[in-house]
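Here is a short report on one protein model. Look at the structure first, then read on.

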Amino acid sequence: QVQLVESGGGLVQAGGSLRLSCAASGRFFSINAMGWYRQPPGNQRELVARITRGGNIDYADSVKGRFTISGDNAKNTVYLEMNSRKFEDTAVYYCNARILRTMIFGPNDYWGQGTQVTVSS
């Protein structure tokens with residue numbers, strides 16, 4: 001019943017900006033944290049940024065100072081503002097959410113389908 005819907009991917013020139021969004025829907029008790037991961041071509045999926053419901057934020061060193069993650073608890077939505085983009089940012093970006101579905105079970109991780117972000121020269 002839980003779904004993560006991503007939007008905002010696309011092709012952007014180097015130095016441009018792009019905003020990704022991810023909205024969680026379904027029935028669950030609470031969302032502990034949401035974040036963004038990415039998988040460059042031929043490489044392992046890696047953390048980009050993560051934010052907890054309380055607002056605690058972690059960034060990968062490679063994006064610090066360039067990307068900004070934010071969340072809207074009321075809308076169960078997380079955003080990723082990507083500024084000063086580089087070619088190295090090209091990857092499939094995945095939304096992740098750690099969700100407590102019910103009061104009696106522990107949290108589980110859910111993943112979006114992935115959205116392609118391509119940075120051109």
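## The largest pocket

Strand β4 gives the most to the lining of the largest pocket, with four residues. The model is predicted: local features need pLDDT of at least 70, side-chain atom pairs count only at pLDDT 80 or more, and totals for chains, interfaces and linings use all residues. Residues are numbered from 1 along each chain as its sequence is written, and side-chain values use heavy atoms, with hydrogens and water left out.

The pocket has a volume of about 210 Å³. Of its 17 lining residues, Ile 31, Arg 53, Asp 72, Asn 73 and Asn 76 are the closest to its centre. A pocket is an open set of points on a 1 Å grid over the protein atoms alone, where a 1.4 Å probe fits, with protein on both sides within 12 Å along at least five of seven lines; lining residues have an atom within 4 Å of a point. Grid points are joined across faces, edges and corners, and the volume is the space filled by probe spheres set on the points.

Which strands supply at least two lining residues each? They are β4 (30-39), β5 (46-52), β7 (67-72) and β8 (77-82). Strands are DSSP runs (E, at least two residues), numbered from the N terminus. The lining divides into seven nonpolar, eight polar and two charged residues. Here Ala, Val, Leu, Ile, Met, Phe, Trp, Tyr, Cys and Pro count as nonpolar, Asp, Glu, Lys and Arg as charged, and the others, Gly among them, as polar.

## The disulfide

A disulfide is a covalent bond between the sulfur atoms of two cysteines. The structure holds one. Cys 22 and Cys 95 form it, with their sulfur atoms 2.0 Å apart (the cut-off is within 2.5 Å). Cys 22 lies in strand β3 (residues 18-25) and Cys 95 in strand β9 (residues 91-100), so the bond ties together parts that are 73 residues apart in sequence.

Why is the disulfide called left-handed? The torsion about the S-S bond is about -85 degrees, so it gets that name. Are the two cysteines buried or exposed? Cys 22 is buried, and so is Cys 95. Buried means under 20% relative accessible area, exposed over 50%, and partly exposed in between (1.4 Å probe, protein chains only).

## Ser 21 in strand β3

Ser 21 is also placed in strand β3. At 18% relative accessibility, Ser 21 counts as buried. Its side chain makes a polar contact with the side chain of Ser 7, at 2.7 Å. A polar contact is a pair of N or O atoms within 3.5 Å; within protein, one must be able to donate a hydrogen and the other to accept it, and residues adjacent in sequence count only if both atoms are side-chain atoms.

Leaving out residues up to four places away in sequence, Ser 21 touches Val 5, Glu 6, Ser 7, Trp 36, Val 78 and Tyr 79. Contact means heavy atoms within 4.5 Å.

## Two loop residues with positive phi

Most residues other than glycine have a negative phi. Asn 76 is not a glycine, yet has a positive phi of about 50 degrees. Asn 76 sits in the loop between β7 and β8. With 26% relative accessibility, Asn 76 counts as partly exposed.

Ser 84 has a positive phi too, near 50 degrees. Its place is in the loop between β8 and β9. Ser 84 is partly exposed, at 43% relative accessible area.
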